[in-house]
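Please look over the fold below.

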Amino acid sequence: GIELVLQGTFEARLESWMQSVEDVYCEGAVDEELVEFRQDLRWSPAHLNDERTCETERCDVDEMIYDDWTCKLTYGCSTTCAYCMSPALVTQEQGLCISEAPGDLAICESELGGMLIQDMVFDERKGVRQYVEACAMPHRPIIDCQYPGQRIKRCANFDEEHCEGDPLGDLMGCQLSLRTCLTREECELSGYCSDVNIGLSYATGGTCVVTPLDDDLIQQGCRTDGLCFFRVDPAFGMEVRHRHGMLDLSFEGNEDYQDGSTLENAAADANSLLEARLAEEAESMTEIQVRLRSGGRLNQTECEKLDLGPPFEALWIEKANTPSACQRWEACCLLTRGDKCELFTAQVVDAHRHPELAKQRQMECRLCGGTWEKVFSWTSGEWRRGSLKSPERRWYEREWGSMNEWAAVVDIDIMRQLYENALETRIGRQRVNAALGLLEPLMSSLSIVAAACGSEAQQVDTQVWKLEEGEHGKAAPSAQVQLPSAIARLGSTMATSGLVSSGSVGDVTVKWHEFSTQKYGAADVEHVDYEVQIEPFEYHLAVASPVHSLPGRLNQVRSLLSGFMVAEDTTTTIGPAEFETLDANGIRGGYPAWFVNEMVNLGIDVEAQEAEANAILAAGAEARRQERLRAQAELAKKADASSELPEASIAVLLELIGMNNTKEVVDSSAFPDRGAPEQKDDGTMHLDSFTCRSIVPNKHGEVIGLIIGDCVRLHSTQPLENAVEICVPLTYASDEDLRILNSTPQVQSLGYRLDFARKTQVPDVYTTEAPSAPEAGLQVPGYLGQTVFAFEENPTYGRLPSGWSVFEPLNLEAELRDDGVGSRRLCSKIFDEEETYCPIAVLNISDTDKIWKNESGLPKIFGFDTTCESLDVALAAVHDAQVESSQVSSQKPEAKNYVPRDQQVSDVDLLAWRARGIQKVQGTSSADLLPICLPGNCLVSRGRGFQVVEEGAANGQCTILC
């Protein structure tokens, strides 16, 4: 019952009750003396027993402070400090009287009633353990501990390491405990280790962990030998425990039984076979009870004897109290989320005990793409000003209701399996990407070489030649025998809908946001796969070498030549002088005509005078004709020199009108200097030189940029609604490469910027149109005027050969980024998939503007030089080797001549033939195939025809040798 009393009455009753508790004692067996002892009971006031004290804000450095001002004036530590605690009550004596005097040692047990200690004891005066012989007198009051050789030993004298396990400490019952740090110095030296996440504490000094982590063992749970495996956090291994039951509760022991009979009864009363086996293997019932009460944890001895075979290793991990002890465990991390490692691999290493092994494992970890990290982290204490914090507690009123409730739960194991499956899928995709990144570029290159240089290529060449002979024109192989694509698949990455993330495929990074493929960023739609393909830049070297074939270039040439346009020549003839003849009546007062004629004649020889005048006129006409011819020749030279075309392009254009000697037409000194950087002569073939990589033209056919890395193509399973960002590694973006670029006169005048170019492949068939002819009565002087105004071309592809590429700057906001390991990447947002993007360095002008304008006031500059002699040398050698091994060379002598890259131009007749569909070489049936007889084969008579067989297999029946 509850009684209401006055405050004074309540305090009197409380004091009486506390005195009664203090007077409680127990009596032991009366042998030699009666021992009285007090129970460790004390009265504590009520705590959190009402709503106000439960939910009120408290100071974070002292929970007994509720006032905000007082809290802000109070300093405290963010963590607790360990200390050696005495179990004695505040009202009891805090210490033990010991004596090291020889006289007291002699009568320690007989007369002083003490205990003789001969063991290693911690000496707080020296800070170390040393051998001590002392008499411990627990019953002597501390106030009487004043004789020579006697001193007081207290629990507070022990440090954390020696608090428990010391003979004198154990006699006093000293134990390690935690309390608020009292000083700044003590706070800054304190802290805690994250090993608390694996269940380590001062109550549980250590646990047994097996590394590395194995999902099969964790899913299996407990094995038949009674060992159970549990995942630890962080995931660097598995905690091992014995499977245990409730033998200590289900069995009532009899103290009259011996250990053997007790264990037999325990095995008989076991609830399972595992419990019975546990009872059979144990040496005593105490061992079973200790194992059960410890939750099945292995002790240090059992852990060190545990052998699961390679690659597993058992480690005894103790509670860490210092930063060095906390951070000694190191391992290789494969997956990091934020600042936490989600997945460790291989075995954990104690770097303090095995530093050399740690260095070796660290090197292996980096080679595998992991990061070497510390398993646990140490958090140091912080001495700071207090602040009121919510206790995050809630007061619940008592009410009568059901003790249990039905609630939906989440199957953590199923969630873990789903997460691990998703993780394995992502890791598997990365492995596939790594394999593709290493093999696909090589296989693509080998396929191209095999298709271009193999036996099939020789058959195709022979078929094309025979088709040309039959059709009396030029032919080309069909689409079925074209070279394979140079694009290599690097891999793919998956984008979850509604999330902002990124993925790396090889060295290419793709970033996306929730609106990249959706207008509204919904998260409940199908995921998107981004596939990255790469095309090596080497396949596009010198594609701008034939300047005359670039789209728009001859339009500019025609514009320049139009400034020299003149009227066509006209011929005039001067007739002889005629005398005036009048009628008889006359016109001047009646003079007869004969009289007038006589007055005009005055005796002059008209015929002689006419002959003389004609001679003078003829001499002047010849002089004027010669002068006109000299002026026309000079004007023609100026017109031809104004084209700004390189010598190779002029040679191609003049060849169209039957002229083969370029030097007779244009002086080579008139060719513009394009300021190409000097190439080092180190004896190697510089296929990737500055001029070979100058492949980006503007709309006027002037080369204004060069490629600086491999091209990338992005494929998306859903069309892009907004941008994604790609980052492409650069091959030519070092400081030396940029210095060479800055040294060119074009960059010094106009500057440069980094951008991406869209690559478009020139199709097999495209139409060409002739340019507009000059107006009637006008003509362009010079030889180039005769061909450029008749040169057919396509506005998009010019006259570039089929299969070549055209590059168009996209004017994107590209950003150069360092990846931290010495290489650089070019990053930009793109808005179209299924396009090939190539990183370029381009002059800082619009691609619609000309490089040089009269109003610019700058010295005249031209586009980048595009010659690539080193590539021509390599291709010429390959061409010669193929021609020598092919029978086409014997049938077509002109095939022996290699055409340099800067003189390439598509054939208009061949394009027209392809457009009519006559280019098809191989039919759909075997009857359509033309007979092919390559060297080394022969024709053997078969029925009414011949069969092509190898000479060695003909058995001497060859009719005709191929």
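Three strands form an open sheet in the order β17-β16-β18, with antiparallel pairing. Strands here are DSSP runs of E, at least two residues long, and helices are runs of H or I, at least four residues long, numbered from the N terminus. Two strands count as paired if DSSP finds at least two bridges between them. Strands of a sheet pair through backbone hydrogen bonds, either parallel or antiparallel.

Which strands stand at the edges? They are β17 (340-350) and β18 (371-374). Each has a single partner strand, so one side of each is left without a neighbour in the sheet. From one strand to the next, the twist averages 40°. Such angles run from 0 to 180 degrees between N-to-C directions, with axes fitted as lines to C-alpha atoms, for helices over the stretch in contact.

Seven bridges join β16 (residues 329-337) to β17 in the antiparallel sense. Arg-337 has Lys-340 in β17 as its bridge partner. Helix α14 (residues 355-367) packs on this sheet and touches β16, β17 and β18. The direction of α14 makes about 135° with that of β18.

This is a predicted model: local features need pLDDT of at least 70, side-chain atom pairs count only at pLDDT 80 or more, and totals for chains, interfaces and linings use all residues. Residues are numbered from 1 along each chain as its sequence is written, and side-chain values use heavy atoms, with hydrogens and water left out.

Now the whole chain. It has 26 helices and 39 strands. Of its 962 residues, 36% are buried. Buried means under 20% relative accessible area, exposed means over 50%, and partly exposed lies in between (1.4 Å probe, protein chains only). Take the contacts (heavy atoms within 4.5 Å) between residues at least 6 apart in sequence: 72% of them join residues at least 24 apart.

The chain exposes about 57700 Å², and carbon and sulfur atoms supply 51% of that. Areas come from the Shrake-Rupley method with a 1.4 Å probe; for residues, only the protein chains shown count as cover. One nonpolar surface patch covers about 520 Å². Leu-438, Leu-439, Leu-442, Met-443 and Leu-446 make it. Patch residues have over 30% relative accessible area and no salt bridge; nonpolar side chains (Val, Leu, Ile, Met, Phe, Trp, Tyr) are joined within 5 Å, like charges within 9 Å. Leu-439 lies in helix α15 (residues 412-453).

Charged pairs come next. Side chains of opposite charge can pair when their charged atoms come close. How many salt bridges does the structure hold? There are 29. Each puts a side-chain nitrogen of Lys or Arg within 4 Å of a carboxyl oxygen of Asp or Glu.

Arg-125 bridges to Asp-123, with the closest N and O atoms 3.1 Å apart. Asp-123 is buried, at 3% relative accessible area. Arg-125 counts as exposed, at 56%.

Arg-739 pairs with Glu-736 at 2.7 Å between the closest N and O atoms. Both lie in helix α21 (residues 735-742), three residues apart, about one turn of the helix. Arg-739 is partly exposed at 47%, and Glu-736 is partly exposed at 38%.

Arg-758 and Glu-808 meet in a salt bridge of 3.3 Å, N to O. This pair links distant parts of the chain: Arg-758 sits in β31 (residues 752-761) and Glu-808 in β33 (residues 805-809), 50 residues apart. Glu-808 is partly exposed, at 29%.

Finally, salt bridges link Glu-100, Glu-124, Arg-151 and Lys-153 in a network.
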